[in-house]
Amino acid sequence: MKLKDLLSLFPIAAENLIHGAFLKLRELAVLGTSPWWWNLQFLLFLHYFFDPPYRIITRQGSDEGNLIYGETPLLTLRSILARIRPGKDDVFMDLGCGRGLPLAAAHYFADIPAIGIDCVGEFIRRGRKIFDALGIKEVSLQEGSFLNCDLSKGTIFFLAGTTFASDTLASLVEKLKQLEGKRTVISLSQELPGFRTLHRGYYDFSWGKGSAYIQEREERGPEEGASQGPGERRESPSGF
């Protein structure tokens, strides 16, 4: 890379650093009184400070554009989950879970089981150590492609559509549409065909402001229409 091109990236890097610092300070102000937040931050620091996610992704390879790394902050996840109002029978599933922040949010903010799937084995191995250290039994992690994994247990899905190649996203949408019962999908940056959008909002992400969509696929078949299906919604739990 030429020196001129390198220098042109400095303003962008500085802006990202300032944005990231602002998000962390805001998170500290809101969640800093919760011991679990400090425990989570310490464990993430311990496992990723010297070998950050971006370096892990670089070692893994490009995977046709599916491994572009970014994170959704805890406060953004809390706001999104508050709109969904998960029920006691819901199961949160993160498709491409990375370090596992959405899984932690599902546990601490909604008190529901969570499953994370990622094709990067290093994320899965470190994530298991982190959640074991936190004493959380309701979070499980699976290594592999979500296109080849069983998604039937999930009732609320989180996917960062921003980072997926178009063919991967199309295959995933078809797989989600084949699931029985009512399913809720949180997708970033774009709506999914075949799903009804319940909410569109602009939120903070590690890369800046972006859009998130809460969508729902109606129950399949008239025999399912009379029941609420898995994950009957409830009033927002405390903490939202």
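Guide: The structure holds 11 salt bridges, where a salt bridge is a side-chain nitrogen of Lys or Arg within 4 Å of a carboxyl oxygen of Asp or Glu. Please keep in mind that this is a predicted model: local features need pLDDT of at least 70, side-chain atom pairs count only at pLDDT 80 or more, and totals for chains, interfaces and linings use all residues. Residues are numbered from 1 along each chain as its sequence is written, and side-chain values use heavy atoms, with hydrogens and water left out.

Let's start with R26 and D204, which form a salt bridge whose closest N and O atoms are 3.6 Å apart. This pair links distant parts of the chain, since R26 belongs to helix α2 (residues 10–31) and D204 to strand β6 (residues 196–205), 178 residues apart. Helices (H or I, at least four residues) and strands (E, at least two) are DSSP runs, numbered from the N terminus.

How buried or exposed are the two partners? R26 is partly exposed, with a relative accessible area of 38%, while D204 is buried, at 10%. Here buried means under 20% relative accessible area, exposed over 50%, and partly exposed in between (1.4 Å probe, protein chains only).

D204 also forms a salt bridge with K209, and there the closest N and O atoms are 3.5 Å apart. K209 is exposed, with a relative accessible area of 60%. The buried D204 thus has salt bridges with R26 and with K209.

Strand β6 comes up again in the next pair. The side chains of R196 and E216 meet in a salt bridge, 3.2 Å from N to O. R196 lies in strand β6 and E216 in strand β7, and the pair links these distant parts of the chain, 20 residues apart. R196 counts as partly exposed at 42% relative accessibility, and E216 counts as buried at 10%.

Some residues join up in a group: D51, R59, E122, R125 and R126 are linked in a network of salt bridges.

The charged end of R99 sits over the ring of Y48, 5.5 Å from its centre. A charge sits over a ring if NZ of Lys or CZ of Arg is within 6 Å of the ring centre and within 35 degrees of the ring normal.
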